[in-house]
Amino acid sequence: MLFRNRFLFLLALAALLAFLSLSLQFYENFKSLFSQGKLEAKMAACGAASQTAWSYKGKQKRRMILFPIFLILVHLIPVNPIKEDGLNPKSRKRIMPDLLTEPPAIDPVYEARVYCNIPTIAERSMEGHAPHYFKLVSVQVLIRHGDRYPLYAIPKTKRPDIDCTLQPSRKPSHPQLEAFIKHMSKGSAAQMDGTLSSLPRYPSHSFCEMGELTQTGVVQHLRNGQLLREIYINKHKLLLSDWTAKQLYLETTGKSRTLQSALALLYSFLPDFDWKKIYMRHQWSTIFCSGSCDCPMRNHYLEEEQRRQYSLRVKNNDLEKIYVDMAKIVGIPTRQLRASNPIDSLLCYFCHNVSFPCTKTGCIGMEHFKVIKRHQLEDERERQEKKLYFLYALLATHPLLNQTVNRLQRIAEGKKEEVFVLYSAHDVTLSPVLSALGITEARFPRFAARLVFELWQDGKRPKEHFIRILYNGADVTFQTSFCKDYYKRSSKPMCPLEKFVSFVKRDMFLVFNSTSYYDACRRRPL
């Protein structure tokens, strides 16, 4: 009786799952394999459930049990052809797992830890991966500055007590930190554009100034530079020991935290850091629009996006209650607290493991932090859905992406200059670039985030060039709007340069019913 019940239970369960999850194509796969006598070979890898079914005696009974079960297994263990270059076309999704264990639902505390990017875990990356016959010819890197002191202070509270001097004995540290400090103190020979020459080469205040780079921020970019050096210098020989200044293009905004972040990355990246070969250009715009910043419609979409943010905030009753409670603790009007952007300051407390501020009335606590951070995450999610930010991002980032494409085209034509490019910027720089490229799954840029564009030459067809795009070490090339379809048809784990060129030169403007950046910046939506 027990045997019969088990048999009926297995049969019913397997049949139900097969009915719900499979189509007729898998039935054809089964028939083909069964007729060719390959059933036993497949069953060897199918686990304990199929082995139990196989133990029943009688050929017809076995077939009755194995038929629905095997349909499921054919679906779960597909057999894909291996192409000429040794790559499986069905296994090229480049989404790396996070180094921390991802929770099943949105967890504001976990997301805050990711944002802090505390340099304690060795980072894995997919930079520099390509078939052996491809040659790396250029790398362009866009970074966000490292960890910084807050830009805002919560009124009537004590600012977080953080030391911004660099001390190799204090954690987090880096093997090259001491040498970096000594080298930066000799930076008088550096060529700095505009006001950059007056900025300090490294942070040095015992009590951090507002927005100042911290030791954590320096270490984050020393680690970035070291990681990229191992891949691009040691492995791919992008720059040799006799590299020249013409092989670099370096640009930063006029903030000390972006300049210092760039210097930290370059120090651990370059084969030999030589101040005489360093020329740092100053970019006055946080979106790096250079001489193409006049764009009325970009400003229009940004204003619309800000209205959306405001509308979402006023609808969030939990957030308003938290603001009211925090305002009572601090002793100021709620609107004044809201205007102080408390999440910026609270993230600094959180990232540096410092207790949230207290007053005589009470303490700001983790529950306050969680509600504000959760709203921030909800805002990011709605931003992707509403598309206003996307329209802003297309217009905001076109000048930078156009400069990037023009440089890649020159290098593909044989130019040997500016093969390594570094833009040192802010979250408001990286975020719209990610959005414009269509990388909607990307997290908001963490401290020391990096976005990398690699240009590769096909060794078998030297006139053909391809790009890879990586965000914090994860290959996001096929998440981009211009290459997600190509990936389904090709065995190469990268995107043709022509597709990126077409996107920047033409396709970015289609949504505006325009054919040029100038026209899109001035055409009002219907």
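# Pocket, cores and local geometry

Biologist: Which helices each supply at least two residues of the lining of the second largest pocket?

Modeller: Helices are DSSP runs of H or I of at least four residues, strands are runs of E of at least two, and both are numbered from the N terminus. On a 1 Å grid over the protein atoms alone, a pocket is an open set of points where a 1.4 Å probe fits, with protein on both sides within 12 Å along at least five of seven lines, and its lining residues have an atom within 4 Å of a point. The helices that each supply at least two lining residues are H10 (296–315), H11 (317–330), H12 (334–339), H13 (342–351), H14 (366–386), H15 (388–412) and H16 (427–437).

Biologist: On what kind of model do these values rest, and what pLDDT must side-chain atom pairs have to count?

Modeller: Residues are numbered from 1 along each chain as its sequence is written, and side-chain values use heavy atoms, with hydrogens and water left out. This is a predicted model, in which totals for chains, interfaces and linings use all residues, local features need pLDDT of at least 70, and side-chain atom pairs count only at pLDDT 80 or more.

Biologist: Which helix gives the largest share of the lining of the second largest pocket?

Modeller: The pocket has a volume of about 1,300 Å³, the space filled by probe spheres set on grid points joined across faces, edges and corners. Of its 40 lining residues, the closest to the centre are Gln309, Asn341, Gln376, Asp427 and Phe444. By class, the lining has 17 nonpolar (Ala, Val, Leu, Ile, Met, Phe, Trp, Tyr, Cys, Pro), 13 charged (Asp, Glu, Lys, Arg) and ten polar residues (the others, Gly among them). The largest share, eight residues, comes from H10.

Biologist: Which residues have the most contacts inside the largest nonpolar core?

Modeller: A nonpolar core joins buried Ala, Val, Leu, Ile, Met, Phe, Trp, Tyr and Cys residues through side-chain atoms within 4.5 Å; buried means under 20% relative accessible area, exposed over 50% and partly exposed in between, with a 1.4 Å probe and protein chains only. The largest core has 105 residues, and H15 gives the largest share of this core, twelve residues. The residues with the most contacts inside the core are Phe420, Leu437 and Phe500.

Biologist: Which residues does threonine 480 contact, leaving aside neighbours within four places in sequence?

Modeller: Threonine 480 lies in the loop between strand S8 (474–475) and helix H17 (486–489). Because its relative accessibility is 0%, threonine 480 counts as buried. With contact taken as heavy atoms within 4.5 Å, its partners are Leu437, Ile439 and Ile469.

Biologist: Is lysine 360 buried or exposed?

Modeller: Lysine 360 sits in the loop between H13 and H14. Its C-alpha is 8.7 Å from that of valine 330, a residue 30 places apart in sequence. Because its relative accessibility is 90%, lysine 360 counts as exposed.

Biologist: What is the phi of glutamate 418?

Modeller: Glutamate 418 lies in the loop between H15 and strand S5 (420–425), and it counts as buried because its relative accessibility is 16%. Its phi is positive although the residue is other than glycine, with a value near 55 degrees.

Biologist: What is the omega of the peptide bond from lysine 171 to proline 172?

Modeller: Proline 172 is placed in the loop between strand S1 (134–144) and helix H7 (177–184). The bond from lysine 171 to proline 172 is cis, with omega near -5 degrees.
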